[in-house]
Each structure stands twice: as structure tokens, then as C-alpha cells.
Amino acid sequence: MDAVPEISTIAHNISIMQKAGYVPVAAFTLPERCWIDNYFVPQKARQEEFLKKYAGNKTVEDMIAFMRREADLYSKYKRYYGYVFYIGKKI
């Protein structure tokens with residue numbers, strides 16, 4: 001919860017869409033490979049480059065630490081949560 005305080009269920013998020021005046025069209029959880037192969041893996045090399053470019057910058061170091069924690073949490077708990085995309089149509 002401290003990493004993503006707004007994490008919730010699909011049903012809860014759809015109810016928020018509806019309260020905001022949208023009709024849910026679709027909701028889908030991305031497959032694990034999408035996040036690992038297309039997000040977390042390529043990010044590693046970029047993180048190293050960024051840390052070298054801004055060596056000693058505490059803000060950059062904190063940001064990269066947060067990104068790495070996100071990857072670690074996903075690796076450890078991916079069985080229990082995923083990344084969901086929602087498509088809604090304005091009423």
C-alpha cells in the first residue's frame with residue numbers, strides 16, 4: 001500500500017469511472033510479459049545511464065530507487081496484482 005496507495009480492485013475502479021460519467025467499455029489486465037519484456041527489462045539499462053549522467057543527484061537516486069522497488073514488488077507479488085487498463089465512454 002505504501003508503494004501504490006490508490007491500488008484497488010477492478011470493480012472499485014469501474015465504479016469510480018461510472019461515478020465520473022463514463023460507461024465501461026473494457027478492462028483488461030496486461031500479461032506479465034508486457035511489463036517484464038517491454039518495461040522493466042529495458043528500464044534497467046536506462047536507469048544506469050541516468051544515474052551516471054546525474055551522479056550525486058539525490059532526486060535522481062531516489063527516483064531510480066522507487067522504480068527499482070516497483071520492479072521488485074512486481075516480481076515478488078505479481079500473482080496478487082497486475083496492471084489494468086480501462087476504457088470508458090463518456091455518457
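Start by selecting I87, which lies in strand 2. Strands here are DSSP runs of E with at least two residues, helices are runs of H or I with at least four, and both are numbered from the N terminus. The model is predicted, so local features need pLDDT of at least 70 and side-chain atom pairs count only at pLDDT 80 or more, while totals for chains, interfaces and linings use all residues. Residues are numbered from 1 along each chain as its sequence is written, and side-chain values use heavy atoms, with hydrogens and water left out.

**Stop 1: the nonpolar patch**

I87 is partly exposed at 41% relative accessibility. The cut-offs are under 20% relative accessible area for buried, over 50% for exposed, and partly exposed in between, with a 1.4 Å probe and protein chains only.

Together with I87 they make a nonpolar surface patch of about 370 Å². Strand 1 (22-29) and strand 2 (84-90) are the elements that give two or more residues to this patch. Patch members have over 30% relative accessible area and no salt bridge; nonpolar side chains (Val, Leu, Ile, Met, Phe, Trp, Tyr) are joined within 5 Å, like charges within 9 Å. Areas come from the Shrake-Rupley method with a 1.4 Å probe, and for residues only the protein chains shown count as cover.

**Stop 2: aromatic pairs**

Show all Phe, Tyr and Trp rings. The structure holds 10 aromatic pairs. One of them is F28 with F85, a stacked pair at 6.0 Å centre to centre and 20° between the planes. F28 sits in strand 1 and F85 in strand 2, so this pair ties together parts that are 57 residues apart in sequence. F28 is partly exposed at 38%, and F85 is partly exposed at 40%.

Move to Y74 and Y83. This pair is tilted, with 5.5 Å centre to centre and 40° between the planes. Rings pair if their centres lie within 6.5 Å, taking the six-membered ring for Trp; planes under 30 degrees apart are stacked, over 60 edge-to-face, and the rest tilted. Are Y74 and Y83 buried or exposed? Y74 is buried, with a relative accessible area of 4%. Y83 is buried too, at 17%.

**Stop 3: the core**

Select L30, W35, F40, Y74 and Y83. These 5 residues make up the largest nonpolar core. A nonpolar core is a set of buried Ala, Val, Leu, Ile, Met, Phe, Trp, Tyr and Cys residues joined through side-chain atoms within 4.5 Å. In soluble globular proteins, nonpolar side chains tend to be buried together.

Centre on F40. Which residues is F40 in contact with, leaving aside neighbours within four places in sequence? They are W35, E70, A71, Y74 and Y83. Contact means heavy atoms within 4.5 Å.

**Stop 4: Q47**

Next, pick Q47 in helix 2 (residues 32-53). Q47 is buried at 4% relative accessibility. Not counting residues up to four places away in sequence, Q47 touches I64, M67 and R68.

**Stop 5: salt bridges**

How many salt bridges does a search of the whole structure find? There are 4 salt bridges. Each has a side-chain nitrogen of Lys or Arg within 4 Å of a carboxyl oxygen of Asp or Glu.

- Select R68 and E48: their side chains meet in a salt bridge at 2.4 Å, N to O. R68 lies in helix 3 and E48 in helix 2, so the pair ties together parts 20 residues apart in sequence. R68 is partly exposed at 32%, as is E48 at 39%.
- Select K78 and E32: this bridge has a distance of 2.8 Å, N to O. K78 is in the loop between helix 3 (58-77) and strand 2, E32 is in helix 2, and they are 46 residues apart. K78 is partly exposed at 31%, and E32 at 37%.
- Select E49 and R46: their side chains meet at 3.0 Å, N to O. They are 3 residues apart in helix 2, and therefore separated by about one helical turn. E49 is partly exposed at 45%, whereas R46 is exposed at 54%.

**Last stop: Q18**

Finish at Q18 in helix 1 (residues 10-19). Q18 is partly exposed, with a relative accessible area of 44%.
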